Amino acid sequence: MRRHGGAPPEDFTLRGTAGASVSGLRHGGLTVARVRAQGEVSAAPISALTILFDTSASRSLGYATAVRRLGALVARLGEQGTRSLQVIAFDQDAALVFEGAPEQFGAPALDRLYSRRALGASDLRHAMRRVAARGPEPRVLLLSDGIATAGGVELDGLQAAVRELGVAGVERIDALVDGGLQDRAVLQALTAGVLEHRGVVLDAGDDAAELARRLGAATLPDLTVTVPGADFSWPQTVRGAQPGEMRR
């Protein structure tokens, strides 16, 4: 199709012949593919939970939406059986904004998050150490883009802080990733690479009921990835996967 000197009369759409069945690409000797995890897992009920809510400046775009999503998720967790909740907002500092039953998490707590705004740096290590010092609940949920900009920003230091959570009694840490810029790899290393019980990294924009369901389920054992005939494959191990989850 060729057109000159005129405005496009409609959107240009390029449709692939294979449609939605495409699950991989190949070029020369290289291949990238999506693989859906298989298996069954047991329930992992959340009776008590600590939520770390990132209020650093990198979260400013869409911050109000993130706060509303938190409210919807807490409501679902309460319906699912969570009885004890504490919410800690963090940037370069950390502050307790709520402690009590999920059904009591309402407008006053959300208003405290709205008024705090997203202005600071992100000291994730300090936030986790603050949680460990408070005497955390068995489960911790991190709502963040995963980008540490203050304090100890190296992965080794962040993983050391997760180990401190484990010593303090935390059995599993999960993450909801949000924001235009994200470091999902760091969040996966923290949630599924340190504690004995692997956690999950989920997209904060997903439906609140689905997020609550997946947070309330265990994860599959570590999965070893092998590709017959390949000289090299990555990743070699998948941690923190759940049945039906798509990995690539």
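This is a predicted model: local features need pLDDT of at least 70, side-chain atom pairs count only at pLDDT 80 or more; totals for chains, interfaces and linings use all residues.
Me: Which elements give two or more residues to the lining of the largest cavity?

Reply: Those elements are α1 (63-80) and β7 (139-144). Helix α1 contributes the most, with 4 residues.

Me: And which residues line the largest cavity?

Reply: The lining is made up of Arg 59, Ala 66, Arg 69, Leu 70, Leu 73, Leu 143, Ser 144, Leu 176, Asp 178, Ala 204 and Leu 211. By class, the lining of the largest cavity holds 7 nonpolar, 1 polar and 3 charged residues.

Me: Which residues of α1 and α2 meet?

Reply: From α1, the residues are Tyr 63, Ala 64, Val 67, Arg 68, Leu 70 and Gly 71, and they meet Leu 110, Leu 113 and Tyr 114 of α2. This contact of α1 with α2 consists of 7 nonpolar, 1 polar and 1 charged residues. Leu 70 is also one of the residues that line the largest cavity.

Me: What about α1 and α6: how do their axes cross?

Reply: The axes of α1 and α6 (residues 208-215) cross at roughly 50 degrees and come within 9 Å. The two helices are therefore oblique to each other. Here, too, the crossing is right-handed.

Me: Which residues of α1 and α6 meet?

Reply: Ala 72, Leu 73, Arg 76, Leu 77 and Gln 80 in α1 are in contact with Ala 208, Ala 209, Leu 211, Ala 212, Arg 213 and Leu 215 in α6. The division for the contact of α1 with α6 is 8 nonpolar, 1 polar and 2 charged. Leu 73 and Leu 211 are also among the residues that line the largest cavity.

Me: Next, α3 and α4. How far apart are their axes?

Reply: The axes of α3 and α4 (residues 155-168) are 9 Å apart, and the packing angle is about 10 degrees. That makes α3 roughly parallel to α4.

Me: Which residues of α3 and α4 meet?

Reply: On the α3 side they are Leu 124, Arg 125, Met 128, Arg 129, Val 131 and Ala 132. On the α4 side they are Gly 157, Leu 158, Ala 161, Val 162, Glu 164, Leu 165 and Ala 168. The contact of α3 with α4 includes 9 nonpolar, 1 polar and 3 charged residues.

Me: Changing topic to the backbone: which residues does a cis peptide bond join?

Reply: A cis peptide bond joins Trp 234 and Pro 235, with omega at about -5 degrees. Pro 235 belongs to the loop between β10 (223-224) and β11 (237-238).

Me: Which residue has a positive phi although it is not a glycine?

Reply: That residue is Arg 117, whose phi is about 60 degrees. Arg 117 is placed in the loop between α2 and α3 (124-134). Most residues other than glycine have a negative phi, and most peptide bonds are trans.

Methods. Residues are numbered from 1 along each chain as its sequence is written. Side-chain values use heavy atoms; hydrogens and water are left out. On a 1 Å grid over the protein atoms alone, a cavity is a set of points where a 1.4 Å probe fits but cannot get out, and a pocket is an open set with protein on both sides within 12 Å along at least five of seven lines; lining residues have an atom within 4 Å of a point. Ala, Val, Leu, Ile, Met, Phe, Trp, Tyr, Cys and Pro count as nonpolar, Asp, Glu, Lys and Arg as charged, and the others, Gly among them, as polar. Contact means heavy atoms within 4.5 Å. Axes are lines fitted to C-alpha atoms, for helices over the stretch in contact, and angles run from 0 to 180 degrees between N-to-C directions. Angles under 35 degrees count as roughly parallel, over 145 as roughly antiparallel, 65 to 115 as roughly perpendicular and the rest as oblique. A crossing is left-handed if the near helix is turned anticlockwise from the far one by less than a right angle, and right-handed if clockwise.
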